[in-house]
Structure formats: C-alpha cells, structure tokens
Amino acid sequence: MKIVILAKPVPDATGQERLGPDLRLDRVAIPPVINGNDEYVLEAALRLRDAGAEVSITLLAMAGAFGPDALRKGLAMGADNAYLVSDAALAGSDARATVRVLAAALAKLEFDLVLAGVDSSDGGGGVVAAALASMSGLPYLSYATSIAPDGGRIRIKRFSATGYDVLEAPMPALVTGMQALGEPRYPTLRGIMGARSKTITTWTLADLGIDPASVGADAAASRVSTFSIPDARSAARVVKDPAPEAAKQIVDFLIERRAI
Amino acid sequence: MPGTLWAIAEAGPDGHLTKLSAEVATLVRGLGAAAGRDVAGVVVGTPDAVAALAGELAAYLPRVVAVEAAAAATSPIAALAAQGALQAMGADPNASIFMGNFPDGRDTAGLLMAALGVGVISNAGGVTWNSGPVAEKGVFGGRLVTTSSFADGHGIVTVPLGSVPAEAAASAGVVETIVLVGAAPAVTVLERVSEAAGAVQIEEAKVIVSGGRGVGGPEGFAILDSLAEALGGAVGASRAAVDAGWIPYSRQVGQTGKIVKPEVYIALGISGAVQHKVGMQGAHTIVAVNTDPDAPIAEFADLFVIGNLFEVVPALVAELAARKA
Ligand SMILES: Cc1cc2nc3c(=O)[nH]c(=O)nc-3n(C[C@H](O)[C@H](O)[C@H](O)COP(=O)(O)OP(=O)(O)OC[C@H]3O[C@@H](n4cnc5c(N)ncnc54)[C@H](O)[C@@H]3O)c2cc1C
Ligand SMILES: Nc1ncnc2c1ncn2[C@@H]1O[C@H](COP(=O)(O)O)[C@@H](O)[C@H]1O
C-alpha cells in the first residue's frame, strides 16, 4: 500500500515564534520540526508497517529553504522518501494557495491513502486537508483516532463530542488524524543515519505547472493588518493556608467574582 | 451586489442547536446590522430532525434555510453541510460565511473554500465590520493578537466558542425548507459510539473542574466528579491524564484537545504547559491548586492555591455543601 503523508514543516512550538516586519511568521529564526499532528499520522502509518503490512511512506510538504531539515526527521522515523515543493514565489501563501499546490503535487504521485494532520500548530485553521480532498476528488475522513485499511477500503474511528463514530470509505482516500493515534516514535541512531541516503525531491512551481501569480503573498485572500501583544492577566492572588481555610477562600473568591 | 452574511449551524450530541452555533448566529446578526447586509442561516440534517433545529436557529436570525438531507443519518455532516450551504446560498458571489471553529465547522469551511475559491480566516475570536469582516485573533497560543481582513471583502470565517454571548432576536425568523440534491456521499458512518452519555460536555459547561497528572489515577478523577457535581460543572483534563488513560480523550483541554471558555476553570494538579494554556486561557476565572509554588500556571491563574488537591478538593466539596445548607 502506498501512503502519502502531508508533513508541514513548522516552527518548533517550544521556541519563541515571532512575526517579521511583513507581519508574517518569521520562519527563518526558529528551527523547524514536522507539525505535531502530522507526526501522529506518520506514526500511524509506521505502525501499519510494524504490524506486517507492506507499506511505502512518502512525505509531501510545501515549504521554504528550511523544509529539508524538518523532512529529514520524518525520514529518520521511517518514511521512505520525500517531495518538497519550494519556490520563491510561494512566500506568504495562504491556505487557498497551499491547497492548489498540494493538489498539483498529489496529482503527480501514486497513492492509496493520503494522511494529514487535523490542523497545523503555526496558526493553521484545520481547513487545508478538507479542501485538498475536495479538489483532488478523494473521500475525506477526518479527526481519526484510529486508522485501519482493509482491502480496498479504509475504516477509521472519528473523534466525536461524546465518543467516536466509525467511518468507512473506498480508497484512495484522505484521512486526517491527531494525538489519539499514539505517541510518535523517536528516530533511532540507525534511522538517523539511514535518512541521509533517502531522497528528498524538490519541485518548483514550474514542475507543477502552477502560475506563480496565483500563489504567494499578493494572491492571498486575507491580509494581516496589525498585530499586538494582549494585556497580561493581573497577578494571581496566592493562598497558602491549610485545606479547610483554603477551601473557604476559594468559595469566597468565586462569589466575589460572581462566578457562582 | 452586496453579499448576504450566512451562518452555518450544527446540532450538538443532544440534537439541539449548539451554544457555539447560537453565538455564531448572534454574531452574524450583529454584523449584518452594522454592515447593512442581509443575514441568513443554514442548517442541514435528516428530514426528521432538521425542522426543529431550524426553528431553534430562527430564534437568532430573520431567515433560515432548513436543508433536508436523508444521508445525514449515515454519513458525516460536514460534506452535506457544505453541499447544503451551496444550494441554499445560490449564486451569491460576495457572500461571507461564518461557522463554528469545531471539527465539523472546520471541515465545512475547508470544503467550501475549495468549492468557492475564497479565503478562510480561522479561529477569529473578535469579528467586526469595515467594508467586510475584520477579524481579531490570537496566534501562538494567544501570545500575539493579529487583525486580518479579506483582500476582496468577503470569505469564510470560523469562530471559536465564546466570541459573543448568544442572544435571541426580538422576533423569530422565517424558515424555508429545501431538499438536498447531489451525489451520494463517499463516506459512510457505520456506527456512532457514545462513551460519556449523559455527562456534561466540557464545551458547554459554565464550570470546568480539570485534572492533570497530579490527580494520580482514575480514582482521583472520582474526587473531581464530586466537585464538578457540587458546582454543576463538567470534568476536563490535561493531556498527561488522558495519555495515562485515566479519562477519555473527549475531555482533553488544550492545543490538541478542546478550546474551552467557561466562567470558572479549576485546574487541579495541572502544571500549566503552554499547550494546555491555549485551551483554557479564555476562562473568565481560573483557580489552580498545585503543590508546587513555581508551577507555570501560577502566572495565569486568578487564584493560586499552594496545596495538595487530595486535601483541598474534599474540603472544597464540604465547604460548598455547608454554605448551601
Ligand atoms: C504537540 C503537543 C500538543 C499538546 N497538546 C496538549 C493539550 O491539548 N492539552 C494538554 O493539557 N497538554 C498538551 N500537551 C502536553 C503538555 O506539553 C504537557 O505535557 C501537559 O499539559 C502536562 O500535563 P499536566 O500538567 O497534567 O502534567 P505535569 O506537567 O506533570 O504537571 C502535574 C502537576 O501536578 C502537580 N501535582 C502533583 N501532585 C499534586 C497534588 N497531590 N496536588 C496538587 N498538585 C499536584 C505538580 O506540581 C505539577 O505541577 C501537548 C504537547 C505537545 C508536544
Ligand atoms: N505547507 C504544507 N505542507 C504539507 N502539508 C500541509 C501544509 N499545510 C497544511 N498541510 C497539511 O494540512 C493539515 C492541516 O493544515 P492547516 O489547515 O494549515 O491547519 C496539516 O496538518 C498538514 O498535514
């Protein structure tokens, strides 16, 4: 089975992200990692392989010059190869342009299953995968907490407000997943060494036949006009008393704040 | 032609309009008044259920389109909601479309983005009008706030819980009913499993009593249940507690869980990691109980109790009972 993982390089969430003078994320200042939710779906694909299925795993990303660093980590975890769409004209692209690019890239790849994260940690809205499925004519199954291919069909558990729904569709299909799929593995030393010889193929917009004027900052559907730092909450009132007295103070505080 | 402002609504697990949908509808009505635009709502559901839902939505909006979709019984709602919204809206090239920033709303937004070729502003906590929607949103876990707008004045906006209080209109709107047309959905729902039937959902709760690694195990959560009951609230959790298997994932608060905005959030044995903080920092009042005086949550709690939750929680339950008596 051929699986393509949409693996977005994002700034490391533990770093201090900041906006550049153009009010866009300064992606150069922070070391990139693969978006957390995308690592979970990669882990799910690797577990299918661990369970004995014959699985090839291809990473696909659209990113700038920092892309290969993040993709290497996914290759070290066990993905087989990677494709990176990178082009100066892509700078400042919004979700709409990202979908155009990823759809054109997917059209050049062979797959039974596309896996993506439910959303990206760098301000993504959780809309790219649904739009991409629609553009690429793929059944769309989202918010998976488990993923089970079975013959030509895919079955998932979808997280719901009270539990889960069991969904099924024919493959090829696009599935999004998240943390409940299970903790991603750390790359082993052997994995890290092996990743060095795996291929990352870079595609430009010309390779995908996309007009540069249809993507990038100038073609973005939305614009950021201002940014500010919100007011901090005022300092906490601290209680150190023994439990019975602390309990009284909590109730008094909640009444004072008209919270109960 | 100035476009209509549309609210796409959804039903909660109890079959009623969600609080979030009521808020989105209220927001859209207010924007319509500010912009001098028509406003309308869409709701898609099974022929049995959609009329009642549309009636609930019409409390907030002057016009509601109820879309009957028999397939809603056996397939995910987002694809049908997107298709139904397109059918209800007809040709309306300058329309702006609003929906909740929950899973089904986000899926619907993505599908509509592809169908209409417009942009999306996601998770817009504060929306105003200036020749189009202007959205203020927190980014990087709320460490920064940005203002965005659409280059051509219209698009799709997903709205988080608690951006405006839900408020019914002076008079109820009219409901039109249409029947969804289109190909059968590719995805089938085989089964719907409820793990927490009857339990108060955290998104809707006014009070959330949330436990972390400090709760120590599933037995610890039984103590939290008694506090939640005393306060009429719901039990939430940090990821550490969910990963440990002490409580279902549907209770997780945070970046990869649920974003909540209750009146009161009581964090018990939760350190306050940034991924947890982004899910609950919108709470009106935050109370934390932690044995560690240096826990990061001390920096954004309103009341910080240095103490052992296994002593403080029972004392709190007793105190609440004593005051009630
Ligand atoms: C990509 C990603 C996504 C994530 N998403 C989420 C998310 O959605 N939600 C989330 O919560 N986390 C999330 N995390 C995890 C997050 O970083 C923290 O690891 C997690 O929130 C810690 O949970 P905790 O506070 O319960 O545990 P800990 O950090 O271990 O804190 C336990 C606290 O309990 C206190 N304590 C211990 N015993 C007692 C006692 N008897 N009485 C009182 N206090 C006591 C301790 O002093 C400590 O402060 C995510 C992480 C990553 C990398
Ligand atoms: N530039 C990108 N490269 C690869 N995958 C992406 C990219 N942007 C979004 N995705 C995928 O789409 C998912 C949702 O992203 P978003 O809609 O931006 O929150 C992510 O978790 C990724 O799997």
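This is a predicted model: local features need pLDDT of at least 70, side-chain atom pairs count only at pLDDT 80 or more; totals for chains, interfaces and linings use all residues.
**Exercise 1.** Work out which elements of chain A supply at least two residues each of the shell around ligand 2, and how the shell divides by class.

*Solution.* Begin with the elements: β4 (56-62), α3 (95-106) and β6 (113-117) of chain A each supply at least two shell residues. Next, consider the individual residues, of which there are 19 around ligand 2, with Leu6(A), Asp38(A), Met62(A), Ser120(A) and Gly126(A) coming nearest. Finally, sort the shell by class, which gives nine nonpolar, seven polar and three charged residues.

**Exercise 2.** Identify backbone atoms that lie within 3.5 Å of a nitrogen or oxygen atom of ligand 2, and state how much of the ligand the protein buries.

*Solution.* Take the nitrogen side first: a polar backbone atom of Met62(A) is 2.9 Å from a nitrogen atom of ligand 2. Turning to oxygen, an oxygen atom of ligand 2 lies 2.8 Å from a backbone N or O atom of Ser120(A), and a backbone N or O atom of Val128(A) is 2.9 Å from an oxygen atom of the ligand. As for burial, ligand 2 taken alone exposes 480 Å², and the protein buries 97% of that.

**Exercise 3.** Describe how domain 1 and domain 2 of chain B are placed and what area is buried between them.

*Solution.* The domain assignment sets the bounds at 5-179 for domain 1 and 207-324 for domain 2. Taken over C-alpha atoms, the centres of these two domains of chain B are separated by 32 Å. Five residues of domain 1 are in contact with five residues of domain 2, and the area buried between the two domains is about 430 Å², with carbon and sulfur atoms giving 51% of it.

Definitions and conventions
Residues are numbered from 1 along each chain as its sequence is written. Chains are lettered from A and ligands numbered from 1 in the order in which they are written. Side-chain values use heavy atoms; hydrogens and water are left out. A residue is near a molecule or strand if one of its heavy atoms lies within 4 Å of it. A polar contact is a pair of N or O atoms within 3.5 Å; within protein, one must be able to donate a hydrogen and the other to accept it, and residues adjacent in sequence count only if both atoms are side-chain atoms. Accessible areas come from the Shrake-Rupley method with a 1.4 Å probe; for residues, only the protein chains shown count as cover. Helices (H or I, at least four residues) and strands (E, at least two) are DSSP runs, numbered from the N terminus. Ala, Val, Leu, Ile, Met, Phe, Trp, Tyr, Cys and Pro count as nonpolar, Asp, Glu, Lys and Arg as charged, and the others, Gly among them, as polar. Domain bounds come from an automatic or database domain assignment. Contact means heavy atoms within 4.5 Å. Buried area is the accessible area (1.4 Å probe) that two parts lose on being put together, summed over both.
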